[in-house]
Amino acid sequence: MTKPFAGVRVIEVASWTFVPGAGAILADLGADVIKVEPPTGDPQRGLRNALNADDSAPNPFLHVPNRGKRSVTLDLRQPDGVSTLKRLSATADVFLTSYLPKVRTKLGIDVDDLQADHQRLIYVRGTGWGNTGPMADVGGFDSAAAWSAAGIQHKLTEPGAAAPAAQPAAFFDLQGSSAIAGAVAMALYRRERTGVGAVVDVSLLNTGMWTMSPDLAATAAGSGELPRPNRADAPNPIVNYYRTADDRWLNLVCLQSDRFWAELCELIGRPELADDERFDSAASRFVNRQACVAELDKAFGARTLAEWRDVLAGFSGVWSAAATFEEVCANQQVTDNGYLPTVTDQDGQLFRLVAPPYQFDGAPNVPVGPAPELGQHTEEVLLESGWDWDTISELRDSGALG
């Protein structure tokens, strides 16, 4: 199978996860992604926490957004470093950056600088807060620009909680990465039809707001916030969570409740509930929703999760257990679809990474390799892009290559 981005060259001048994550998706899908790093490297390389404290083990925070790329080191504080980047960008289809407007302007790598002689270039700006407005030159990580500023943290923090809800690692960075990758595909498609490049903007703030569209649309229309979820008062009791005897949770998502109610009652050993006048229709279950939830609480609380997996195996409605990450990694559905493929790092160690949520022609999407070592491909990329060894040596001596 030919991957959809085969033959596409991407220059990435970005750090951390948001924009580099998009580069990883494009690389997984066949693009030649050249990661241009300062001599000190993307700061993501030095990030340390509980998951990568052991230097002998693969660093997931490096490999997740940087697998399958080639690394070139350029010192953009040096004029020769900037001129090298510009020349390299002239060979590219896509330019990805997370640099702020003032930095791009100072370096001379903003849109006009790179598209002046390369109008087919697709120039992509990933920002925290958007490319215009009073915060255009303010940096932003996803936990601030999306999780907090877009209202998600407010929505998910229970009233009176001792602390606000915390965002999972890179939660909106990776959603934003998917948005950038999709936008690149659209821009490439438009270029094929028109011959003209594009300027693409994706922000973390907009990504977070898109995720909260129902609440924000209701608020903007003057209706106020949508009610917070309250499982004891769920309008449809079989779109709800139920605790099992071993303190696990089941998630029922039966939107057409009349279609599934009688079957569910039979399976859980409470067939009499199907004909109970308090619960015999969606309307009556809504009116008596607290009593209905209480009955289901008793039923689901009588068995363990393992028992419920067996009981509900043939249920025609949609349901799932609230899975642990260990259970996700061991899920046969995940394995069979190739959602967690194996990669070999530079030292020959095997580890697994999540594939991006795209497949083509029925083939699993396997990363082409691990994240590159810092500057691993500098000479290789420059040679194939038209530089000769003498020029590369001069650039090395000038400090432009770090």
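Which residues have the most contacts inside the largest nonpolar core? They are Leu26, Val94, Leu96 and Ile180, in a core of 36 residues. A nonpolar core is a set of buried Ala, Val, Leu, Ile, Met, Phe, Trp, Tyr and Cys residues joined through side-chain atoms within 4.5 Å. Buried means under 20% relative accessible area, exposed over 50%, and partly exposed in between (1.4 Å probe, protein chains only).

This is a predicted model: local features need pLDDT of at least 70, side-chain atom pairs count only at pLDDT 80 or more, and totals for chains, interfaces and linings use all residues. Residues are numbered from 1 along each chain as its sequence is written, and side-chain values use heavy atoms, leaving out hydrogens and water.

Helices (H or I, at least four residues) and strands (E, at least two) are DSSP runs, numbered from the N terminus.

Helix α8 gives the most, with seven residues. Leu96 touches residues including Val10, Val19, Leu26, Val124 and Ile180, not counting residues up to four places away in sequence. Contact here means heavy atoms within 4.5 Å.

A second, separate core has 25 residues, among them Ile11, Val72, Leu107 and Ala400.

Now to helix α19, residues 389-398. At its start, a side-chain oxygen of Asp388 reaches to within 3.3 Å of the backbone nitrogen of Asp390. Just after α19, Gly399 takes a positive phi of about 90°.

Val253 lies in strand β8, residues 249-253. Val253 is partly exposed, with a relative accessible area of 33%.

How values were computed: A polar contact is a pair of N or O atoms within 3.5 Å; within protein, one must be able to donate a hydrogen and the other to accept it, and residues adjacent in sequence count only if both atoms are side-chain atoms.
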